[in-house]
Amino acid sequence: MQTLTDIVRPAPESIGEGDGVFISTYGCQMNDNDSERMMTLLEMMNFRPVTSPDQASLIIINSCSIREKPVHKVWSEVGRYRKLKALNPKLKIGVAGCVASQEKGKLKADIPLIDFVIGTDAIDQLPEVVTRARQGEAVVRARFEHQQPYHVETMVRNPGVSTFVNITKGCDNFCTFCIVPFTRGRERSRPLGHLIDDVKRLVDRGTREVTLLGQNVNSYESECGTNFAQLLARLSRDTGIERIRYTTSHPKDFTDELIDVMGEHGDKVMEYIHLPVQSGNSDVLSRMNRGYTRAEYIDRVERIFARLPQAVLSTDLIVGFPGETDAQFADTMSLLRDVPYETLFAFNYSPRPMTKAARFTDQVPDEVKSERLNHLLGVHREISFELARKYVGRTLNVLVERHDAETGRVVGRSTQNKSVYFTGTANLIGKTLPVKIHEAFPLVLNGEATA
Ligand code: SF4
């Protein structure tokens, strides 16, 4: 297994002791995790994190391609640093993340203020890339190393009570709206033994909960054929971790075996399941290349509730996918009544470069998309308040993550992934306590500890 010392070359002379680095992070938890990894590597090169770009001699924009106009966003952020660069010619600006993987050398050619471009597959090369950039070289590292095994150690400077652990990277599904297979490459899984060692190390450093991360965690497969359900069982049994969460799931790969393992290890594997459906209409799902029908999705949900009656579901929805008719949108609305989603993340469809759906000619007008989205969010708001009410009067187990000195309250998460606030002191951080809920909102619960 590659270790930190294998990855980090000795600090080169060109790097000043304690130079400031500012990382600006956009997008998903994968990017948050990559930024943490980059910061760890840079700290080992004697950089120190700073909170403002004007204190930095290295700025990295960790970009995201999921939302609209991603290149434009990079362009405008780099533009904001033009003055800093004029004041400090030694300042280096790098772009990482999905836009870097997507645009590669073109990004550097189009925006000359950028000193280096580093793709999502090249993060471990950051020390070398930064060194070269500081020596005046224009560096672009954005190729995918498809053959390279996915061997990384979880790098967190100060692992918290709850820590993310990557288990897969990339995706092979090619949903027609999604750019991820082009920006994160083909799917690769980390070896089982490495993951077990990684989680054990985190437990030794005080982590109580891990969230396993991947674009599609359900298709995890280790080099020896261990699948995701078996991975959950092994981590539950062999690492000493108190709680396990995971995201993101793909409904087509959500197996009965996984449901059974969640039931068997319900004391460790949390019952919150994010199960992105994207649309409630089978024809739209087919054009999205999702690999399941509405009926198959509902069947999966029923199987989950049959074995895990306490399960809590959330989902992702795309509104106004090309060709979506009023009737097809009505199917999405009716799904909200059929499946009790406590949380949902809904967005208007917007075309992404390289994706198949961007070439579909029957794009839905923006005003129609917005109207549908507002309607959907309004209806779901009522549903989510209704669903939240069931928590009032219940006692939930809460793992405390933070203390707010101003309010004298602590916040932690329940097994259902709700943020729970209650009166408490900082020494409760890292402890799991029963909390009786007296007020409930869709994402936040207020209560008092009963012990
Ligand atoms: S499963 Fe589909 S939506 Fe998810 S990352 Fe892969 S291609 Fe994108």
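**Gln-278 and beyond**

Author: Start with Gln-278, which counts as buried because its relative accessibility is 8%, under the 20% cut-off. Bear in mind that this is a predicted model. Where does Gln-278 sit? Its place is the loop between β12 (272-274) and α12 (282-287). The backbone there deserves a look. Gln-278 is not a glycine, and yet its phi is positive, at about 75°.

Now turn to Met-354. This residue is not a glycine either, and it has a positive phi of about 75°. Met-354 belongs to the loop between β14 (341-348) and α15. Is Met-354 buried or partly exposed? It is partly exposed, because its relative accessibility is 40%, which lies between the 20% and 50% limits.

Stay with α15 for a moment. This helix covers residues 366-388, and His-380 is part of it. His-380 has a relative accessible area of 7%, so it is buried. What does His-380 touch, leaving aside residues up to four places away in sequence? Its contacts are Leu-336, Tyr-341, Glu-342, Thr-343 and Leu-344.

Another backbone feature is the peptide bond between Thr-247 and Thr-248. This bond is cis, with omega at about 10°. Thr-248 lies in the loop that runs between β11 (243-247) and α11.

Helix α11 spans residues 256-264, and α13 spans residues 294-307. Their axes come within 10 Å and cross at roughly 25°. That angle is under 35 degrees, so α11 and α13 are roughly parallel to each other. The crossing of α11 past α13 is right-handed. Which residues meet here? From α11 come Asp-256, Ile-259, Asp-260, Gly-263 and Glu-264. From α13 come Arg-303, Ile-304 and Arg-307. Sorted by class, this contact has five charged, two nonpolar and one polar residues.

Cys-171, Asn-173, Phe-174, Cys-175, Phe-177, Cys-178, Val-180 and Pro-181 are among the residues around it. Gln-215, His-250 and Arg-290 also belong to this shell. How does the shell divide by class? Seven of its residues are nonpolar, three are polar and one is charged.

Definitions and conventions. Residues numbered from 1 in each chain as written. Predicted model: local features only at pLDDT ≥ 70, side-chain atom pairs only at ≥ 80, totals over all residues. Heavy atoms only, no water. Near = heavy atom within 4 Å. Nonpolar A, V, L, I, M, F, W, Y, C, P; charged D, E, K, R; others polar. Helix = DSSP H or I, 4+ residues; strand = E, 2+ residues; numbered from the N terminus. Buried < 20%, exposed > 50% of the residue type's maximum accessible area, 1.4 Å probe, protein only. Contact = heavy atoms within 4.5 Å. Axes fitted to C-alpha atoms, helices over the stretch in contact; angles between N-to-C directions. Parallel < 35°, antiparallel > 145°, perpendicular 65-115°, else oblique. Left-handed = near helix turned anticlockwise from the far one by under 90°.
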